[in-house]
Amino acid sequence: MARFQREHLETLLAVVDHGTLDAAARALSITPSAVSQRLRAMEQQAGRVLVRRTVPVVPTAAGEVVLRHARQARLLDEETARALDGDTGSVPSIPLAVNADSLGTWFLDALARVRADTEVVFDLHREDQDRTAELLRAGTVMAAVTAEADPVQGCSSVALGIDRYRAVAAPAFVERYLADLDLRAASERRVLDRLDGVPLVDYDRDDDLQQGYLRTVLGHAPHGPRHFVPTSADFARAVGLGFGWGLLPEAQCTALMARGELVELVPGRHADVALWWQRWNLASPLLERVTAAVRATAAERLHPPR
């Protein structure tokens, strides 16, 4: 079994995190040649290629395994030093993956609970909930909010709850595109048929929430024009400004509906996204603290898991 030197593991982390050998060299205050030599030494020791020298650098499957080990070793070393020596002057960093809507509604509140009694910095990676688990597999993050229930190898998985979405639009949008439709009396099918052809807001081209909402009833993706607004707060603002209709988490739209600033298009029909928390199986008090805060906040802010 390969036993890597600590400075070699830190070099691998720097190369992957900074994306290039030159950037890693600057972060480590060594030369690019020294970075390259350390990588070659690790690869000779492992007997396989660990990174693809692309821009940015990408770890291979073997590199992902070593990368996870490097992050775990760094965290455990930092926690051991703090336990033995108290405040060492260094602040541990926890890389986490989270979807945009959770980040924009409840996830930062969970991390604030940790920060209230623990010195830590967070390296947040925003990704769709259907893809955050990939960052766990790659060794990029230590834990993730994900839609994937089955645990990634080397991880545990617990249900967080249901994030419920409502189909909403601005009153001006309803007046412009749906004025002849009485939303309170019209059948669900009739409203959905009308939504098929009017403008909608999508997060990005991979966002299937609005598409799937109509597809399950109509049998096809909507035909209407699509706006793409790739941040959670700006997505909600675009809907509120009348760009198109969209599905918003209840945390973003309930108060606006109560004030009449948004209109629910199909009352009683919603889209539910089940969220899970996956984390490395690592005996880390800090990771345990983060997990406890995330689970507690999710229990307060999400619908109970099924």
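The model is predicted. T105 sits in helix α5, residues 100-115.

**T105**
- T105 is buried, at a relative accessible area of 15%.
- A polar atom of the T105 side chain lies 2.6 Å from the backbone oxygen of D101.
- P249 is 144 residues away from T105 along the chain, yet their C-alpha atoms are separated by 8.4 Å.

**Helices α2 and α3**
- Helix α2 (residues 21-28) packs against helix α3 (residues 32-46) at about 105°, with the axes 8 Å apart.
- The two helices are therefore roughly perpendicular to each other.
- From α2, the contact uses L21, D22, A24, A25 and L28. From α3, it uses P32, V35, S36, R38 and L39.
- Seven of these contact residues are nonpolar, one is polar and two are charged.

**Aromatic pairs**
- The structure holds four aromatic pairs.
- The ring centres of F173 and Y177 are 4.7 Å apart and the planes meet at 40°, so this pair is tilted.
- Both residues lie in helix α7 (residues 171-177), four residues apart, about one turn of the helix.
- F173 is buried at 1% relative accessible area, whereas Y177 is partly exposed at 25%.
- Y213 and W245 also form a tilted pair, with ring centres 6.1 Å apart and planes at 50°.
- This pair links distant parts of the chain, 32 residues apart: Y213 is in helix α9 (residues 209-218), and W245 is in the loop between α10 (232-240) and β9 (246-249).
- Y213 is buried at 3%, and W245 is buried at 0%.
- Ring pairs also join W106, F107 and W277 into a cluster.

Note on methods. Residues numbered from 1 in each chain as written. Predicted model: local features only at pLDDT ≥ 70, side-chain atom pairs only at ≥ 80, totals over all residues. Heavy atoms only, no water. Axes fitted to C-alpha atoms, helices over the stretch in contact; angles between N-to-C directions. Parallel < 35°, antiparallel > 145°, perpendicular 65-115°, else oblique. Contact = heavy atoms within 4.5 Å. Nonpolar A, V, L, I, M, F, W, Y, C, P; charged D, E, K, R; others polar. Buried < 20%, exposed > 50% of the residue type's maximum accessible area, 1.4 Å probe, protein only. Polar contact = N/O pair within 3.5 Å; in protein donor to acceptor, adjacent residues only side chain to side chain. Phe/Tyr/Trp six-rings, centres within 6.5 Å; stacked < 30°, edge-to-face > 60°.
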